[in-house]
Amino acid sequence: MTQNDPRPRYQALAADLRAHIESDAYPVGSTLPTEHELCEANKVSRHTAREALRLLLEDGLIARRRGVGTIVVRKSDAPAFAQPLGGLDDLMKYARNAKLQVVSYGEGMLGLGEARRLGAPRQWSHKTLKGLRALPGQPPLGLTHIHIDAKLAPSDEDVGGLTTSVTEWIEHKHGVQAAQIKQIISAILLDANAAIALDAVQGAAGLRTVRRYCDPGGRVFVVSDSIHPTDRFSYEMTVQRDKPSA
């Protein structure tokens with residue numbers, strides 16, 4: 001941090017720390033210097049160091065862990081993939097663009113609490129596909145569990161050769177169309193299992209997306225439950241003001 005930086009000192013220190021994180025001087029998973037160490041190294045007050053760390057915390061680049069310190073959880077506040085929130089075609093963009101790697105596939109079992117959380121049909125005969133989605137040459141964007149009505153579910157052979165989304169395959173194969181998608185997005189912290197699968201940091205910020213795909217009669221035939229690290233995946237929406245009536 002240079003002494004003649006015109007910005008407030010806490011902003012200059014935050015920018016300096018951000019640059020170190022992006023250059024991997026402080027790689028993801030490493031600990032940042034303590035407030036005391038930042039004060040000593042940069043000749044700033046404790047308040048300045050605390051405010052600089054607050055900016056990085058608000059941007060989701062760092063997280064505080066009791067007994068460990070301040071951990072770097074992401075390199076940038078710009079996600080690798082932005083999912084538009086709009087019509088049905090926008091929601092299909094992710095499944096079309098992000099390659100699905102099947103981890104497992106077979107008969108599914110949902111406990112009562114899990115079925116209630118997902119909004120899945122009661123006593124549902126279904127198959128569950130567990131997979132990872134990623135863009136070519138990049139770490140996984142998401143860990144997904146796709147629960148599929150057993151009557152419409154692909155065979156093991158078909159799953160291995162999927163080049164479209166599961167719902168598009170069902171429409172092509174069985175003529176059952178996703179007429180409505182009900183979606184719930186929530187903020188989470190990545191647990192150990194998700195962090196390992198996604199090659200991410202346990203406790204890092206994440207998004208959970210549950211989607212229920214309904215046929216024209218309103219019957220749920222696919223439910224997906226996906227987890228995304230927030231440094232790789234985000235949602236975006238454009239809202240336009242209604243034109244005033246004449």
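Helices of at least four residues and strands of at least two are DSSP runs, numbered from the N terminus. In this predicted model, one loop joins strand S8, residues 205-214, to strand S9. Gly218 is found in that loop. Gly218 counts as partly exposed, because its relative accessibility is 44% and the partly exposed class lies between the buried limit of 20% and the exposed limit of 50%. The C-alpha atom of Gly218 is separated by 9.8 Å from that of Ile181, a residue 37 residues apart from Gly218 along the chain.

In general, nonpolar side chains of soluble globular proteins tend to be buried together. Here the largest nonpolar core has 18 residues. Ile148, Ile170, Phe221 and Val222 are those with the most contacts inside this core. Two or more residues come from each of strand S4 (99-107), strand S6 (142-149), helix H7 (166-174) and strand S9 (220-229). H7 gives the most, with three residues. Another core, of 15 residues, lies apart from this one; Val44, Leu53, Leu56 and Leu61 are among its members.

Helix H7 can be followed residue by residue. Val166, Thr167, Trp169 and Ile170 are buried in H7. They lie on the same side of the helix, because they cover an arc of only 155° around the axis. An α-helix has 3.6 residues a turn, so residues three or four places apart point the same way. Just after H7 comes Gly175, which takes a positive phi of about 75°.

Technical notes: Residues numbered from 1 in each chain as written. Predicted model: local features only at pLDDT ≥ 70, side-chain atom pairs only at ≥ 80, totals over all residues. Heavy atoms only, no water. Core = buried A, V, L, I, M, F, W, Y, C linked by side-chain atoms within 4.5 Å. Buried < 20%, exposed > 50% of the residue type's maximum accessible area, 1.4 Å probe, protein only. Arc of directions from axis to C-beta.
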